[in-house]
Amino acid sequence: IPSVSNIVPESCLLIVVGLLVGGLIKGVGEKPPILNSDIFFLFLLPPIILDAGYFLPLRPFTENLGTILIFAVVGTLWNAFFLGGLMYAVCQLGGPGLNHIGLLANLLFGSIISAVDPVAVLAVFEEIHINELLHILVFGESLLNDAVTVVLYHLFEEFANFEQVTILDIILGFLSFFVVSLGGVLVGVIYGVIAAFTSRFTSHIRVIEPLFVFLYSYMAYLSAELFHLSGIMALIAAGVVMRPYVEANISHKSHTTIKYFLKMWSSVSETLIFIFLGVSTVAGHHYWNWTFVISTLFFCLIARVLGVLVLTWFINKFRIVKLTPKDQFIIAYGGLRGAIAFSLGYLLDYEHFSMRDMFLTAIITVIFFTVFVQGMTIRPLVDLLAVKKKQETKRSINEEIHTQFLDHLLTGIEDICGHYGHHHWKDKLNRFNKKYVKKCLIAGERSKEPQLIAFYHKMEMKQAIELVESGGIGKIPSAVSTVSMQNINPQTLPLERVLPALSKDKEEEIRKILRTNLQKTRQRLRSYNRHTLVADPYEEAWNQMLLRRQKARQLEQKMNNYLTVPAHRLDSPTMSRARIGSDPLAYEPKEDSENLPIITIDPASPQSPESVDLMSEEPKGCSGLPPSPEEDEEGLVMRVKEPSSPGTDDVFTPGTSDSPSNQRMLRCLSDPGPRPEPEEGEPFIPKGQ
């Protein structure tokens, strides 16, 4: 029924199914099963977390890691202590039914109910297709706050058994947070490296490749839980570390198996969790207290909103892309609670916590309110506020090249400025990974392959698989390499390609160009300091040249202002011949042609006005030599300009034509003066010319 699923999230429908199943079982006189905490934490939760960690979008996660950690650590601590303190005040004022609940019990309840649940967030946020930034902020917070929840839960549970809590116990509890979180990450990294190293030797038995991924991931989770470390953080670390190396070693069939088996496994676990929540609601023992339950619900919402507003105000001081009020509303509204809180509440012991049933009732009420009310209304609110949605786009080689280029550019800028930001450390990590880690964890030639070539292989393999599945094997382009064909069918190599491919030399040349131009970032330089800069020997000469050029322009502008006759634009040779032909008398050589100045023409561009140069303003008769009859007949004498000697600056070398009087004479000569207008009926070019 699509009309129902578009309004109600799948998680809400599953809880309703669980309520109906639980009511049916109870109606026939049987005892409904309750969601056991061991079953939840050992069998139902790991597949969901492994699916989220293995396919985690690493780039947006690392770019927003600081924001996610602040929300996960500081936000969860704020929620736990704010809620626990206010609930303790409510218990003191709430009457005889609540007076016996102490401060530690309320703080324990606050730590259970304060954490955002990853299962509920995944179930709701994947349906509304929110943009990648908001999704990774809320989902990353729900993953990483597990360490805070585990520490606070065990801490207050232990403190409840103590007769007196000392300052040393509080300090040790604070230090245990770092042990739990970093210890979980370390366990995950170790098992991830082992899984990647094992996948290097499985080329002859492809069937068991997916098994190693699941086995080592589950071992990481169990090892972390064994030592009371954060199992969720261990699973995430193992998935993130092993994925790039495992995918380079395993076959395409194994990759497909891992992908779809994880999706199916996590989907089944998610379905069972929400159904069990509904069944446990019907089957469990409940103790309803209006004051406690309504206060819990109200203070949960208030703490979440205040925490997001205050932390975002602080975070926006350091972020380049600020979180807008719409983003803050979605982050606050998306803080859903789920089955982790219910399972932690179910783990409480009756001996030390006699109010366990009341706690479970309040927890289930908060879960139902967040999943049903907030989960059902977040989609229309996203549409109402016009929050940016996720855009499904396929990655391309062009995008990959530009992304790498920007990364290298920002790394170089940080090196020049002497500021070692996250681009610098990311580049260091990539260098270390390429130089040492890849050689140990990736088999064959793939370990030496640049990132761009590896990405290209991944894309062409995907394209080849799609073509084979669609029956278009004859249309495979020539760019599909033998690596992809081996991954498609590792047993039989193709004898020849359908279309002619690039030669090996050409392919190697292309790879060499890509390696040299796209993969090498600049080496680390000394940080910028204006006191240690070396003087540039060419800087003074360049400044002098600029000053002389500026003076020349100023002088030309002054001359333009003083001249009364505007400069006449020289005509093209065709127009000049036409004008001479139409009025030959006006252009007939005069008898005193020896008094005219000599004009030289630059042979490089005869038509340009800059090529005209006045060599002599003196009349030829004044030079002491009689004019020759050839010169007398020629009128204006055109001579070729002498080429300048090499090394001289044409712009700044002063010549005879640079004086203002020469320029004025040139402008006067360029204007032939008024001509009589041709009479009507007279041809423009007379016949015989």
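A crossing of two helices is called left-handed if the near helix is turned anticlockwise from the far one by less than a right angle, and right-handed if clockwise. In this predicted model, the crossing of α11 and α13 is right-handed. Helix α11 covers residues 209-226 and helix α13 covers residues 252-283; their axes lie 8 Å apart and pack at an angle of about 45°. That angle makes α11 oblique to α13.

On the α11 side, the contact is made by Glu209, Pro210, Val213 and Phe214. The partners contributed by α13 are Ser254, Thr257, Ile258, Phe261 and Leu262.

## Overall composition

The protein contains 26 helices and three strands. Of its 689 residues, 40% are buried. Among contacts with a separation of 6 or more, 80% are accounted for by residues 24 or more positions apart.

## Helix α3 against helix α12

Helix α3 (residues 37-54) and helix α12 (residues 231-249) have axes that come within 8 Å and cross at roughly 45°. α3 is therefore oblique to α12. The crossing in which α3 passes α12 is right-handed.

From α3, the residues that meet α12 are Leu45, Pro46, Ile49, Leu50, Gly53 and Tyr54. They face a set in α12 made up of Ile232, Leu235, Ile236, Gly239, Val240, Met242, Arg243, Val246 and Glu247. Two of these residues, Tyr54 of α3 and Arg243 of α12, also take part in a charge-over-ring arrangement: Arg243 lies over the face of Tyr54, at 5.8 Å from the ring centre.

## Helix α6 against helix α9

The axes of α6 and helix α9 (residues 146-159) come within 9 Å, with a crossing angle of roughly 160°. This angle makes α6 roughly antiparallel to α9. The crossing of α6 and α9 is left-handed.

Leu104, Leu107, Leu108, Ser111 and Ile112 supply the α6 side of the contact. The α9 side consists of Thr149, Leu152, Tyr153, Phe156, Glu157 and Phe159.

## Aromatic pairs

The structure holds 21 aromatic pairs. In one of them, the rings of Phe109 and Phe292 have centres 5.2 Å apart and planes at 50°, so the pair is tilted. This pair links distant parts of the chain, with Phe109 in helix α6 (residues 103-114) and Phe292 in helix α14 (residues 290-315), 183 residues apart. Phe109 and Phe292 are both buried, and together with Phe359 they form one aromatic cluster.

A further pair is formed by Phe314 and Phe318, whose ring centres are 5.2 Å apart and whose planes stand at 65°; because planes over 60 degrees apart count as edge-to-face, the pair is edge-to-face. Phe314 is partly exposed, at 40% relative accessibility, whereas Phe318 is exposed, with a relative accessible area of 63%.

Helix α16 (residues 339-346) has seven of its eight residues buried, so it is largely enclosed by the rest of the structure. The buried residues are Ala339, Ile340, Ala341, Phe342, Ser343, Leu344 and Gly345. At Tyr346, the charged end of Arg356 sits over the ring, 4.7 Å from its centre.

Leu360, in helix α17 (residues 356-384), is in contact with Phe342, Gly345 and Tyr346, leaving aside its neighbours within four places in sequence. Leu360 counts as buried, at 6% relative accessibility. Leu360 and Phe109 are 251 residues apart in sequence, and their C-alpha atoms are 9.6 Å apart in space.

## Cys300 in helix α14

Cys300 is placed in helix α14. With a relative accessibility of 5%, Cys300 counts as buried.

When neighbours within four places in sequence are left aside, Cys300 is in contact with Leu83, Ile113, Arg337 and Val366. Cys300 and Ala80 are 220 residues apart in sequence, with a C-alpha to C-alpha distance of 9.4 Å.

Definitions and conventions
Residues are numbered from 1 along each chain as its sequence is written. This is a predicted model: local features need pLDDT of at least 70, side-chain atom pairs count only at pLDDT 80 or more; totals for chains, interfaces and linings use all residues. Side-chain values use heavy atoms; hydrogens and water are left out. Rings of Phe, Tyr and Trp (its six-membered ring) pair if their centres lie within 6.5 Å; planes under 30 degrees apart count as stacked, over 60 as edge-to-face and the rest as tilted. Helices (H or I, at least four residues) and strands (E, at least two) are DSSP runs, numbered from the N terminus. Buried means under 20% relative accessible area, exposed over 50%, partly exposed in between (1.4 Å probe, protein chains only). A charge sits over a ring if NZ of Lys or CZ of Arg is within 6 Å of the ring centre and within 35 degrees of the ring normal. Axes are lines fitted to C-alpha atoms, for helices over the stretch in contact, and angles run from 0 to 180 degrees between N-to-C directions. Angles under 35 degrees count as roughly parallel, over 145 as roughly antiparallel, 65 to 115 as roughly perpendicular and the rest as oblique. Contact means heavy atoms within 4.5 Å.
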